[in-house]
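Work through these exercises with the model open beside you. Try each task before reading its solution.

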Amino acid sequence: MTKLTERQAFQALLRQRQNKMRLRELFATDPGRFERYSFEAAGVFADCSRNLIDEATYHHLLQLAHEVGLPDARRALFAGEVVNHTEGRPALHPLLRAAEQEIPLPWRGVITDNLEHMERFVRGVHSGQISGASGQPLHDVVNIGIGGSDLGPRLVCQALAELADQRIRIHFVANVDGAEWEAVRQRLQPHNTLLLINSKSLTTTETERNTQTAIAWLIQQGVSQDGVAQHLVALTGNRQAAVSMGVSEARIFPVWDGVGGRYSLWGSNGLAIALYLGMPIFRALLNGARQMDQHFLSASLSVNIPVHLALYELWYGQVLGAKTHVIVPYDQRLELLPAYLQQLDMESNGKSVDTAGNPLSTSSGPVLWGGVGTNAQHAFFQLLHQGTHLVPCDLLLVKYPGHNLPEHHAILLANALAQGRALMWGRTLAETEAVLAAAGHDQKTIRQLAPAMTFPGNRPSNTIILNALTPLSLGALLAMYEHKVFCHGILLGINSFDQMGVELGKTIAKALLAPLQGAPVPEDLDSSTAGLLQRLRD
């Protein structure tokens, strides 16, 4: 396959970086910049005008998207074709939220039947027809999973908690650190507890261990061995292992090979969402994602939000040398969004070879990080404003709050707008000196303070606005980022749907478990691992 660095459009972009673009000048010479680089779809508004691009750069970025075959890749994704080439699989997550007539025939009945199965189960739990072994209602739902089997459901349940069904309390256990289970256990009543075993393979060490501990606790607390099955549900692709764990066939919800964990909340893995928020809200979440899918699939590249976000990511990471990207949601309900997107982006595009197995000719996807505003302003914004690193930023705002404290919300939005303006505009040395002079400082003090109080500006950002945080808008937002990651992977020439990099550590951990529990220390270990192992054993 053709390397990214060998493509004509990419070579043009390398030449473009010689142009030292200043956002102040770009806005001054182009009064229509905001309108031209702002886009709206599926209830998501994206202002991309504060990116370090001019018309020539934009042209070459779009040309590159066509050169790498992005339109064809987009079509193949939604057609259910094999796009995960290392594992020979499609990526089915867009089909999980598609309208029935849009799902390719091999999957149509399977996906819709599973949604109906979920709906019947949720209705049964909410009505009390599905109960625990003692006949008591199951109002404590514990999602036991890790990675995508935890982060997606946990994010949605926290973000939309104000819409929760009051009959259900939701809990999450992911870390194999027993402290997390112990903290959750203290809030549970065993006869009212339903365990969702959320693992495609049912071989993930953390989920397997936490499940065994939770089942043992149920029995210790008086749930009979025969009655445990009434407290278990499995969301998995390994039906046989689920049955071996004691899960009844009727309570196994399938997870297909083509659904990666970080893309999985739209199907069976989202059962915790459906139980906590209700099936109508879960379907609305799917509908919001479907609306963004339709935009991504049908809109031309020039007005396509996920495409634009991916093109800018490539411009900063593979041309201008940015190593990281920061996500700052200005809404406390989206506190978990940076962690969710961290897995989505870094597990998808943190690769070192292309789809042909050749070393990448550029850097891989970015290190993604972030925090919730305004807290983040008092944590890492100093580096964003005055550090030496180029750090593109996504600022996420919600127009209407989820509370009745308008004064708080006005301050929150003012801060978000101010940070975007300050990152872009900065403050020159002369402007800083004028501010200090107006404050009455003498010339000596001005000379001392002005350099430290000058802001370089020219720091790029996208401002993304939702009118309100609803199931529809949240679904659209998450789908937008999924497609951005996919597009960036196509531009880089990598497979965004495998995650081989997580396997080696798992394999080594299994080999080290026995020595930690008293078996002999393997002789072939390096001195560091052997020494640390011995210290922990002692």
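## Exercise 1: Positive phi

Asn458 lies in the loop between helix 19 (443-449) and strand 13 (461-466). Helices (H or I, at least four residues) and strands (E, at least two) are DSSP runs, numbered from the N terminus. This is a predicted model: local features need pLDDT of at least 70, side-chain atom pairs count only at pLDDT 80 or more, and totals for chains, interfaces and linings use all residues. Residues are numbered from 1 along each chain as its sequence is written, and side-chain values use heavy atoms, with hydrogens and water left out.

**Task.** Describe phi and burial for Asn458, then do so for Ala42.

**Solution.** 
- Step 1. Asn458 is not a glycine, yet its phi is positive, about 60 degrees.
- Step 2. Asn458 counts as buried because its relative accessibility is 13%. Buried means under 20% relative accessible area, exposed over 50%, partly exposed in between (1.4 Å probe, protein chains only).
- Step 3. Ala42 sits in the loop between strand 1 and strand 2 (44-47). Ala42 is not a glycine either, and its phi is positive at about 55 degrees.
- Step 4. Ala42 has 22% relative accessibility, so it counts as partly exposed.

## Exercise 2: The parallel sheet

**Task.** Trace the sheet of five strands and decide whether strand 7 is enclosed or open.

**Solution.** 
- Step 1. The five strands form an open, parallel sheet in the order 6-5-7-8-9.
- Step 2. Strand 6 (169-173) and strand 9 (252-254) are its edge strands.
- Step 3. Strand 5 (residues 140-144) runs parallel to strand 7, joined by five bridges. Asn143 has Leu196 in strand 7 as its bridge partner.
- Step 4. Strand 7 also pairs with strand 8 (residues 232-236), in the parallel sense over four bridges. Leu196 stands opposite Val233 in strand 8.
- Step 5. Six of the six residues of strand 7 (residues 193-198) are buried, so it is largely enclosed by the rest of the structure.
- Step 6. Thr193, Leu195 and Ile197 point one way, while Leu194, Leu196 and Asn198 point the other way.
- Step 7. Helix 7 (residues 105-127) lies across strand 7, strand 8 and strand 9, at about 150 degrees to strand 9. Helix 9 (residues 178-185) touches strand 5 and strand 6.

## Exercise 3: A buried charge

**Task.** Which backbone oxygen does the side chain of Arg33 reach?

**Solution.** 
- Step 1. Arg33 is found in helix 3 (residues 33-36).
- Step 2. Arg33 is buried and has no salt bridge. A salt bridge is a side-chain nitrogen of Lys or Arg within 4 Å of a carboxyl oxygen of Asp or Glu.
- Step 3. The nearest side chain of opposite charge is Asp30, 4.8 Å away. Lys and Arg count as positive and Asp and Glu as negative; His and the chain ends are not counted.
- Step 4. The side chain of Arg33 reaches the backbone oxygen of Ser49 at 2.7 Å.

Notes
Polar contact = N/O pair within 3.5 Å; in protein donor to acceptor, adjacent residues only side chain to side chain. Pairing = 2+ DSSP bridges. Contact = heavy atoms within 4.5 Å. Axes fitted to C-alpha atoms, helices over the stretch in contact; angles between N-to-C directions.
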